[in-house]
Amino acid sequence: MQIYLESYDREIFQNKMPENDYQHEAGWQLVQFALSESFGMKISKDEAWLNFGEAGKPYLSNRPDIHFNLSHTSGLVTCVVGSRPVGIDAEKIRSFPWAVLRKLTEKERIYILSSEKQDEAFMRVWTMKEACIKLTGEGLAAFERTECIPGQPLPGIRYRQFIWQGMYVVTAMETL
């Protein structure tokens, strides 16, 4: 599992292009770079190499042995590639909406509410859940039944979680 990140300055978008458009374009450029660096693949944007699963997970139609996933948040685009199914999520650490706690399991809520850094703890749980459902390709339907407690193992999954530049939580996963 290889993780790639690209930070960017949001100020450069004023009057140039919507930030979402940049994130989308930068994400696919990062995927192309990651596939080239990790697997020696040269893919042009015009090639019909990309398909999507039932829940929207992208995959390479001509290389089922290579897996990738991407995520973006304000100021950061991330990608993970590997030879096993992978998933990644990144979120900027910010105040979380308390109403979302009801969508989490009791153990996840305890982890967050017992932390001295509740906003960071929330983003650690959130990115784990997002990366996990992106890994499996199940989509948001699996969100509430997926329990993720940072620092605890997940059956059949290896993950890496870290703080990037002191402001982002990034979680990447792969199947074992």
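Trainee: Where is Glu144 placed?
Mentor: This is a predicted model: local features need pLDDT of at least 70, side-chain atom pairs count only at pLDDT 80 or more, and totals for chains, interfaces and linings use all residues. Residues are numbered from 1 along each chain as its sequence is written, and side-chain values use heavy atoms, leaving out hydrogens and water. Helices (H or I, at least four residues) and strands (E, at least two) are DSSP runs, numbered from the N terminus. Glu144 sits in the loop between helix H3 (118–136) and strand E7 (157–164).

Trainee: Which residues does Glu144 touch, not counting those up to four places away in sequence?
Mentor: Contact means heavy atoms within 4.5 Å. By that rule, Glu144 touches Lys103, Thr105 and Lys129.

Trainee: Why does Glu144 count as partly exposed?
Mentor: Buried means under 20% relative accessible area, exposed over 50%, partly exposed in between (1.4 Å probe, protein chains only). Glu144 counts as partly exposed because its relative accessibility is 49%.

Trainee: What kind of aromatic pair do Phe96 and Phe122 form?
Mentor: Rings of Phe, Tyr and Trp (its six-membered ring) pair if their centres lie within 6.5 Å; planes under 30 degrees apart count as stacked, over 60 as edge-to-face and the rest as tilted. Phe96 and Phe122 are 4.5 Å centre to centre, with 10° between the planes, so the pair is stacked.

Trainee: How many residues apart in sequence are the parts that this pair ties together?
Mentor: Phe96 lies in the loop between strand E6 (86–92) and helix H2 (106–113). Phe122 lies in helix H3, so the parts tied together are apart in sequence by 26 residues.
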